[in-house]
Amino acid sequence: MPGPGQAWIGREERDAVLEVVESGHLFRYGRPDDPAFKRKVYTFEQELAALCGVQHALATTSGSAALIASLLALGITEGDEVIVPAYTFVASYSSIIFGGGVPVLAEIDESLNLDPSDVERRITPRTRAVMPVHMLGNPCDMDPILDIARRHGVVVIEDACQAAGGSYRGRRLGTLGKIGAFSLNIFKTITAGDGGAVVTDDTGLYERAFAIHDQGHRPHRTGVEVGERSILGLNFRMNELTGAVALAQLRKLDRLVAALREKKAKLKERISGIPGLRFRKLPDPGGECATLLTVLFDDAARAARVAAQLGTTTVDRSGWHVYANMEHVNRWLAEHGRPHGKGAYPRTDDLLSRAINLSVGVVDAGLGAAFGINVLSPDEEIDRAARQFRNACES
């Protein structure tokens, strides 16, 4: 099942796509005076930058492409270490590796995000960056992370791929570090099927990221002119069809997040007070995207029993996002003499073994959230899910 943005696809997305198809102009570049050129990608970038309160946004083919462009723009190169959480999607690791860097995994805390104290312990003379990941739409505790990075002279790149629409103490996620990345994958808050974006206030970084995403070109060319290019780049360009859907979804983002927060608050209230259970830590409760409600049990065995009764699983067994379950990443870590495999990050293992993700807007998606509600759920459906959960906890 896809994420919440899919449930809100409607007339706006259809009309935007038809406008592009009927124009016959699918490429992201065109002459400003050409009426067939609808500027969907460019407009998406401008509106995303405005929404985030930054100078620049860059549309890409995926969240992975956004991360790679961001890391290369920062100058991450062979041997540079980037600290990342042991609980994240594989792209957080693979983007660093493809840039020639070394992912240094760190423990999470009860927010299921990077533990700032463990970040500091893992900094070495080779550390170039810290990549906090706002997992499951929950903001990382950014103030201590930014302070640690400042004191040690390393940069912060935010992986906000799961957190479009979230904020931390009044600032949009993705904008607190030097550069940030979003995903528009089908499982994310808003979606264009796939796609991504980079945001930054640094003009130099933006120009480098742009060149990386488009064969070395400078921003805002209007055609396919050939000339002097700044650096060697790749092709991570978003097309106008994807841009049309992305733009329509972006214009719904804040309303969608508000609806998710309302649904989650109702579910959370209905299952509060169960002995031996608490909710994950929220560094900024008003800033989370509310796509999932994560519960933490005091006992891993009880968590496993409850998950089985609900037809779901504890987070440690959910697969996609848990370091110990990524055989390809663990092979790379082993080959490079890095800690790997279950047991390498015991606090992360313990927390995830006691955690269950209940859906609010994202069902499964490799997150183990096969039970819960969705962004369209009426109150009676929320009541029914809450009763099922309580019954499972009490049996």
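Residues are numbered from 1 along each chain as its sequence is written. In this prediction, local features need pLDDT of at least 70 and side-chain atom pairs pLDDT 80 or more, while totals for chains, interfaces and linings use all residues; side-chain values use heavy atoms, without hydrogens and water.

**Exercise 1. Find the order of the strands in the open sheet, and its edge strands.**

Step 1. Helices (H or I, at least four residues) and strands (E, at least two) are DSSP runs, numbered from the N terminus. Two strands pair if DSSP finds at least two bridges between them.

Step 2. Follow the seven strands across the open sheet: the order is β1-β9-β8-β5-β4-β2-β3, and the pairing is mixed.

Step 3. β1 (56-60) and β3 (102-106) each pair on one side only, as the edge strands.

Step 4. From one strand to the next, the twist averages 25 degrees.

**Exercise 2. Work out how β5 and β8 pair, and which helix lies across β8.**

Step 1. Strands of a sheet pair through backbone hydrogen bonds, either parallel or antiparallel.

Step 2. Residues 155-159 (β5) and 179-183 (β8) pair in the parallel sense, over three bridges. Look for I157, which stands opposite I179 in β8.

Step 3. Helix α4 (residues 63-73) lies across β1, β2, β5, β8 and β9, and runs at about 165 degrees to β8. Such angles run from 0 to 180 degrees between N-to-C directions, with axes fitted to C-alpha atoms, for helices over the stretch in contact.

**Exercise 3. Describe how α2 and α9 meet.**

Step 1. The axes of α2 (residues 11-23) and α9 (residues 240-250) come within 8 Å and cross at roughly 155 degrees.

Step 2. That makes α2 roughly antiparallel to α9 (under 35 degrees is roughly parallel, over 145 roughly antiparallel, 65 to 115 roughly perpendicular, the rest oblique).

Step 3. In contact (heavy atoms within 4.5 Å), the residues of α2 include A16, V17 and V20, and those of α9 include L241, A244 and V245.
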